[in-house]
Amino acid sequence: MKLNIKNETGRLKSVVLGQPNSMGAVPTLEESYDAKSYYSIEHNMYPKEADIINEMNAFEAVLKKYDVEVLRPSIIKDYNQVFSRDVAFVIDDKMIISNVIADRADEQDAYKKVFEKVAWRKIINLPETAHIEGGDVIVWDDFLFIGTCFSEDYRNYKTARTNEYAIEILKEYFPKKRIIDLELKKNDKVPFEGILHLDCTFNPVGKDKCLIYKNGFVDESDYRLIVDIFGEENCFHLNDEEMFEMFPNIFSISPEVVVSDKTFTRMNNHLRNEWGMTVEEIPYREISKMGGLLRCSTMPLVRE
């Protein structure tokens, strides 16, 4: 397979979609590793496997409607494998294998058949102490936007998934990219007060537009920089409740087509009516209760 990911919205040809089968028991509060899951467990609303399967089947159907090749990881018994974005990610023609948190380390075994499709010289294995996950990496032509946490308490946050060392290594592998690190607010237990990954607060759509949640960034200058790059008129601003519901985390099949949750009425109407996009609406409410949505569920391999 010839990998090719230059940006977030090029016409999608091949993608890995996460695996909803054999989720196992509902985790305990101590076993949760993101604030939204913690909230869902605490409020006795963690999703059922049957509902997760239905939602992912709807997503797969939309992808196949647009002739996208859909690969799936092997099933690991009693293991959450919904969010394939964080296992590995592609920049240009290289696949970077993430150093995921310990709770998810076994997940990569299920991607062996996917990794075998990629030439070994195109796979980058990072040093053990370089932590990064695909949800924190947004590829946008000459830009690489990377969400991170510079806090001295980094190691104390389960939701801090990408560190400075990993960013420095990516700079070495992609010297021609303009790499912009963006520090995100972190909170392991209160989803209104922290951002798990960059794509939960910022996501490009179309050819020159983006969705953005201002309060997800530690430094307002980071938010301002993104607005300057895209232009104020090309930014759709999200409020606190919309961030909590995972509005930023939709998925582009092409510059003209996005897949979104059917309940995201305000944003979906804007995408359609103001930006002229086709919005494929599917149910994804249950999966959102685990701290991720549509972009989190995918690992794009090839875009035109």
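Which residue's side chain meets that of Lys289 in a salt bridge? The partner is Glu286, with N and O 3.1 Å apart, where a salt bridge is a side-chain nitrogen of Lys or Arg within 4 Å of a carboxyl oxygen of Asp or Glu. Lys289 counts as buried at 17% relative accessibility, the class limits being under 20% relative accessible area for buried, over 50% for exposed and in between for partly exposed (1.4 Å probe, protein chains only).

This is a predicted model, in which local features need pLDDT of at least 70 and side-chain atom pairs count only at pLDDT 80 or more, while totals for chains, interfaces and linings use all residues. Residues are numbered from 1 along each chain as its sequence is written, and side-chain values use heavy atoms, with hydrogens and water left out.

**Salt bridges**

A search of the whole structure finds 19 salt bridges. One of them joins Glu8 and Arg295, whose closest N and O atoms are 3.0 Å apart. Glu8 lies in the segment before β1 and Arg295 in the loop between α8 (285-288) and β15, so this pair ties together parts that are 287 residues apart in sequence; helices (H or I, at least four residues) and strands (E, at least two) are DSSP runs, numbered from the N terminus. Glu8 is buried, with a relative accessible area of 6%, and Arg295 is buried at 1% relative accessibility. In another salt bridge, the side chains of Lys94 and Asp93 meet at 3.3 Å, N to O; here Lys94 is partly exposed at 25% relative accessibility, and Asp93 is partly exposed with a relative accessible area of 26%. Salt bridges that share partners also join Lys6, Asp92 and Lys177 into one network.

**Pocket and cavities**

On a 1 Å grid over the protein atoms alone, a cavity is a set of points where a 1.4 Å probe fits but cannot get out, whereas a pocket is an open set with protein on both sides within 12 Å along at least five of seven lines; lining residues have an atom within 4 Å of a point. Grid points are joined across faces, edges and corners, and a volume is the space filled by probe spheres set on the points. By this rule there are three cavities of 30 Å³ or more.

| Largest pocket | about 550 Å³ | Met23, Pro27, Tyr33, Tyr46 and Asn80 |

To the lining of the largest cavity, α1 (35-42) and α6 (240-244) each supply at least two residues.

In helix α7 (residues 265-273), Met267, Asn268 and Leu271 are buried. These residues cover an arc of only 100° around the axis, which puts them on the same side of α7, the arc being that of the directions from the helix axis to the C-beta atoms.

Ser22, in the loop between β1 (12-17) and α1, has a positive phi near 60°, in a residue other than glycine. Asp78, in the loop between β2 (69-71) and β3, likewise has a positive phi, near 55°, and is partly exposed with a relative accessible area of 46%.
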